[in-house]
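Please open the model in your viewer and keep the selection tool at hand. The stops below follow helices, their contacts and a few single residues.

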Amino acid sequence: MDFIYGSYQALKGDKGTSQSVTATVDKLCDRIQTATLLEDRRASVLSLKSLARDEHSEVGNKGIPILIHVLKKDRMDVDIVNAAIETLTILCSCEDVPKNAKQSSTIPALGFGYLHWFAKDPKNVTLLLDMLEEVDFYVRFNTIQLLSVLLENMTVPLQEAVLTSPLGVSRLMDLLDDRREMIRN
C-alpha cells in the first residue's frame, strides 16, 4: 500500500499541486526507462495505459517508442508485456473513440499516424510475431488484436513484414493449432 501511495505522491507533485498531463506522461516515460525494479516499470506502463484512453496524443507521441522498447527488454514478464501491447492497441486503434476524450475527432487520424509509424519498421511487426510464441492467453489475444488493427489499416506493410520475417507465416499458422477458440478465430 505504501508503494501505491508513494507513486501517487510522486505523480501528484509538490505541495499537493496537480501536474499537467504532459508532465505526468514525461515522468511515467522516464520511470519506465530508468527504473531498476520491474514492478516500478510495470506500474508505469499500467498508468500509461490508463492515460492513453483520454490523453491519446500525449501518450502516443512520447510513449510508443518506449513501449516498443519495453516489449524488447522485458519480454519475460507476461504482465508488463500484456500491458504494453494493450496500450499500443489503444493508441493505434483508428475506430474506438471514447465519448469523453479530448479532441475526439482527431483520434482516428492520430491512430492511423501511430500505425504508420509502427508499421514502417518491419522489426516491430517481427517483434509482435515473436510475442505469439508466448503461451499466456492474454498476451496472445492482445497481440492478435494489435495485428488485426494493423491488418485492417496497413495491409501492405504488414503483409511485407510477415513474409520477410523468418518465422512469420509459421507463427501465424501455429495460431490455428491453439486449443482456445478465441485465439483460433
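Begin by selecting α7 and α8, where α7 passes α8 in a left-handed crossing, left-handed meaning that the near helix is turned anticlockwise from the far one by less than a right angle. This is a predicted model, in which local features need pLDDT of at least 70 and side-chain atom pairs count only at pLDDT 80 or more, while totals for chains, interfaces and linings use all residues. Residues are numbered from 1 along each chain as its sequence is written, and side-chain values use heavy atoms, with hydrogens and water left out.

Helix α7 (residues 122-131) and helix α8 (residues 137-153) pack at an angle of about 145° with their axes 9 Å apart; helices here are DSSP runs of H or I with at least four residues, and the axes are lines fitted to C-alpha atoms over the stretch in contact, with angles from 0 to 180 degrees between N-to-C directions. Show side chains next, since Leu128, Leu129 and Met131 in α7 meet Val139, Thr143, Leu146, Leu147 and Leu150 in α8, contact being heavy atoms within 4.5 Å. By class, this contact of α7 with α8 has seven nonpolar, one polar and no charged residues.

Now select Asp136, which lies in the loop between α7 and α8. Asp136 is partly exposed, with a relative accessible area of 27% (buried is under 20%, exposed over 50%, partly exposed in between, with a 1.4 Å probe and protein chains only). Leaving aside neighbours within four places in sequence, Asp136 is in contact with Val78 and Arg180; Asp136 and Val78 are 58 residues apart in sequence, yet 7.4 Å apart in space, C-alpha to C-alpha.

Move to Glu86 in helix α5 (residues 78-92). Is Glu86 buried or exposed? Glu86 counts as buried, at 19% relative accessibility, and, not counting residues up to four places away in sequence, Glu86 touches Lys49 and Asn142.

Then select helix α3 (residues 38-52) and helix α4 (residues 56-73), which pack at an angle of about 145° with their axes 10 Å apart. The contact joins Arg41, Val45, Leu48, Leu51 and Ala52 of α3 to His56, Val59, Leu67, Val70 and Lys73 of α4.

Finish at helix α2 (residues 21-34), whose buried residues are Thr24, Val25, Leu28, Cys29 and Ile32. These residues lie on the same side of α2 because they cover an arc of only 130° around the axis, the arc being that of the directions from the helix axis to the C-beta atoms.

Methods: Helix = DSSP H or I, 4+ residues; strand = E, 2+ residues; numbered from the N terminus. Nonpolar A, V, L, I, M, F, W, Y, C, P; charged D, E, K, R; others polar.
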